[in-house]
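This report goes through one protein model, part by part.

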Amino acid sequence: MPFYTTGLLSFLFLLLAHFHPTAAATTLTNNFKSVQKSTTTNELLALGHRWRIQDTMGTSGKASAWKLDNGQLKQSQGTCSSDHNSLLLTGGSGHGWSDYCVSIKILPDEGGCANYDIGVVLRYVNEKNYYRVALRRTSNTYTIDLSKHDDSHEGASKKSTITTSAATVLTACVAGRHFSIFRGTTDTTATPLFTYKDNDAQYHNNGAVGLACRGRPCAFDNDFVVSTPPPPFVIDNNNGDPFYVSDGSGTASIDVTVAPFYQHGDSVIAYVE
């Protein structure tokens, strides 16, 4: 997309002219494979990963049972009731990080249940307020869902139908009001499975992160990784050299490529100071 500016470009923009895409910076990693044994729930919570459990079990009345089992993280308690819901959280109590990406490999275990979901939690404030991104089975339909929990209401904000419940990497990114969901990759510069913008006046702008399991025992593999969102744009022309405009006059044409993460409409406005 072309972008035009007039006048003297600031030092800030001269720096941006050298900007190139970089890998997302990792801020937290929990390597489940580093624990090659089985643990109890209490042993898991004592391992220093700063995990905590939030059960919202409804009428099932059963506490969850999170543990490490030879390199996998598992929640082994469950029924086919969607009331059986458990979250494993990290990153502050009530408030925490704001903009980040979360990735994990999910291992669905249907076990004869027609309804369940397994995934990640974003911006968890309390048990009634958070975002949830999950692989969900409803009867014989499988979807990747982004849902917003707001007080006592859970709304399906966005979903994409998939054909299988096979094990897959799930990556969810949030920045401001914008969400991008990826399946099968941790590459946040790839094209998302879908994007979403929460336009509600009241939206969850920060909170803890974690994992979600509902309706069935769940298993997760590989690392649980929290990283920074991808860079918003790349300047494509001028061979990386600074742009100079004559003092007080003139124009410069700049080609800017916006990362798919931030493409939530037909047009994008870029501001230069």
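## Basis of the report

A residue counts as buried under 20% relative accessible area, as exposed over 50%, and as partly exposed in between, using a 1.4 Å probe and protein chains only. Helices (H or I, at least four residues) and strands (E, at least two) are DSSP runs, numbered from the N terminus.

This is a predicted model, in which local features need pLDDT of at least 70 and side-chain atom pairs count only at pLDDT 80 or more, while totals for chains, interfaces and linings use all residues. Residues are numbered from 1 along each chain as its sequence is written, and side-chain values use heavy atoms, with hydrogens and water left out.

Strand 5 covers residues 72-75. Leu73 and Gln75 make up its covered face, whereas Gln72 and Lys74 are on the uncovered one.

Two strands are taken as paired if DSSP finds at least two bridges between them. Strand 5 runs antiparallel to strand 4 (residues 66-69), and four bridges join the two. Within this pairing, Lys67 has Lys74 of strand 5 as its bridge partner. Strand 4 and strand 5 form a hairpin with two residues between the strands, where Asn70 takes a positive phi near 50°. Strand 5 also pairs with strand 16 (residues 218-227), in the antiparallel sense and over three bridges. There, Gln75 stands opposite Cys218 of strand 16.

## Strand 9 and its partners

Strand 9 spans residues 129-138, and nine of its ten residues are buried, so the strand is largely enclosed by the rest of the structure. Strand 8 (residues 115-126) runs antiparallel to strand 9 and is joined to it by nine bridges. Val121 has Arg132 of strand 9 as its bridge partner. The hairpin that joins strand 8 to strand 9 passes through two residues.

Strand 9 is also joined to strand 10 (residues 141-150), by ten bridges and in an antiparallel arrangement. Here Tyr130 stands opposite His149 of strand 10. Strand 9 and strand 10 form a hairpin too, with two residues between them, and Ser139 in the turn has a positive phi of about 55°.

## Arg136

Arg136 is part of strand 9. With a relative accessibility of 17%, Arg136 counts as buried. Its side chain makes a polar contact with the side chain of Asp117, at 3.3 Å. A polar contact is a pair of N or O atoms within 3.5 Å; within protein, one must be able to donate a hydrogen and the other to accept it, and residues adjacent in sequence count only if both atoms are side-chain atoms.

Contact in the wider sense means heavy atoms within 4.5 Å. Leaving out residues up to four places away in sequence, Arg136 touches several residues, among them Tyr116, Asp117, Tyr142, Glu154 and Arg214.

## Aromatic pairs

Rings of Phe, Tyr and Trp (its six-membered ring) pair if their centres lie within 6.5 Å; planes under 30 degrees apart count as stacked, over 60 as edge-to-face and the rest as tilted. By this rule there are five aromatic pairs. The rings of Trp66 and Phe220 have centres 6.1 Å apart and planes at 25°, so this pair is stacked. The pair links distant parts of the chain, with Trp66 in strand 4 and Phe220 in strand 16, 154 residues apart. Trp66 is buried at a relative accessible area of 0%, and Phe220 is buried at 0%.

The rings of Tyr124 and Tyr130 have centres 5.5 Å apart and planes at 35°, so this pair is tilted. Tyr124 is buried, with 4% relative accessible area, and Tyr130 counts as buried at 1%. Ring pairs also link Tyr131, Phe179 and Tyr196 into a cluster.

## Disulfides

A disulfide is a covalent bond between the sulfur atoms of two cysteines. Here the cut-off is a pair of cysteine sulfur atoms within 2.5 Å, and the count comes to two. One is formed by Cys101 and Cys173, with their sulfur atoms 2.1 Å apart. This link is right-handed, with 110° about the S-S bond. Cys101 lies in strand 7 (residues 100-107) and Cys173 in strand 12 (residues 168-175), so the pair ties together parts that are 72 residues apart in sequence. Cys101 and Cys173 are both buried.

A disulfide also joins Cys213 to Cys218, with an S to S distance of 2.2 Å. The torsion about the S-S bond of Cys213 and Cys218 is about 90°, so this disulfide is right-handed. Cys213 is buried, with a relative accessible area of 1%, and Cys218 is buried, with 5%.
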